[in-house]
Amino acid sequence: MLNIFARASVSRVTDPIGAALVRAGLTPNAMTLIGTAGAIACSLAFFPNGMLLAGTFTVWGFVMLDLLDGAMARAKGSTPFGAVLDATCDRLVDGALFAAIAWWAFTIDANPRTAAAALLCLVFAQVISYVKARAEASGFGDAANGGLIERAERLIIALVGTGLQGLGVPFAVEASQWLLAVLSAITLLQRVVAVARAAKGASL
């Protein structure tokens, strides 16, 4: 949903920065790899050790680089490999983040309910993205776009939960993870139904 309503506003800020980075010699793929490596490293270094605030702010900072690699791609010209690399790195970051939250829930918080919710979020994040990719490969890519929450909302909800818990708000991670799990299940259903309708319409 944020992709629909905020993309133009965000692009007005990030596009000049992306163009400047390209002129400085940095490539979109390099920015993608830097952001991915940093987000994965910070997720696994901070969350499992109970450092929720440090994890929240550092992961968020590296995730923001994802906005810049898109702006750089628009300035330099996107490539098919760049799109594949970006999508692959997004899945790796999502996996590392939710695995790290589950790890924290098991070992630090001793709350298997939160860990279960985080693992559900991990699975849903991967499958929601797979539905879109598979739909695009089958010629129904437009039908699988959107839904109640996409990656931006997913990261916001997860990191707001870890940030609030890091500030001392009890059960913030558990609440955010279960909310995200429910919203992700709805999004998955929305995408599958949309693709099914598109496929049915194409066969008529």
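In this predicted model, Asp 94 and Arg 91 are three residues apart in helix H4, and they are therefore separated by about one helical turn. Their side chains meet in a salt bridge, with an N to O distance of 3.6 Å. Side chains of opposite charge can pair when their charged atoms come close.

Asp 94 has 0% relative accessibility and so counts as buried, the cut-off being under 20%. Arg 154, with a relative accessible area of 2%, is buried as well.

The side chains of Asp 90 and Arg 151 meet in a salt bridge of 3.3 Å, N to O. Asp 90 belongs to helix H4 (residues 80-107) and Arg 151 to helix H6 (residues 151-166), 61 residues apart. Both Asp 90 and Arg 151 are buried. Taken together, Asp 90, Arg 91, Asp 94, Arg 151 and Arg 154 are linked in a network of salt bridges. The structure as a whole holds six salt bridges.

Attention may now turn to helix H3. This helix covers residues 52-76, and its 25 residues should span 36 Å at 1.5 Å a residue; the end C-alpha atoms are 36 Å apart, which agrees. Among the buried residues of H3 are Leu 52, Val 59, Val 63, Leu 68, Asp 69 and Met 72. Gly 77, which follows H3, has a positive phi, near 105°.

How values were computed
Residues are numbered from 1 along each chain as its sequence is written. This is a predicted model: local features need pLDDT of at least 70, side-chain atom pairs count only at pLDDT 80 or more; totals for chains, interfaces and linings use all residues. Side-chain values use heavy atoms; hydrogens and water are left out. Helices (H or I, at least four residues) and strands (E, at least two) are DSSP runs, numbered from the N terminus. The expected span of a helix is 1.5 Å times one less than its number of residues. Buried means under 20% relative accessible area, exposed over 50%, partly exposed in between (1.4 Å probe, protein chains only). A salt bridge is a side-chain nitrogen of Lys or Arg within 4 Å of a carboxyl oxygen of Asp or Glu.
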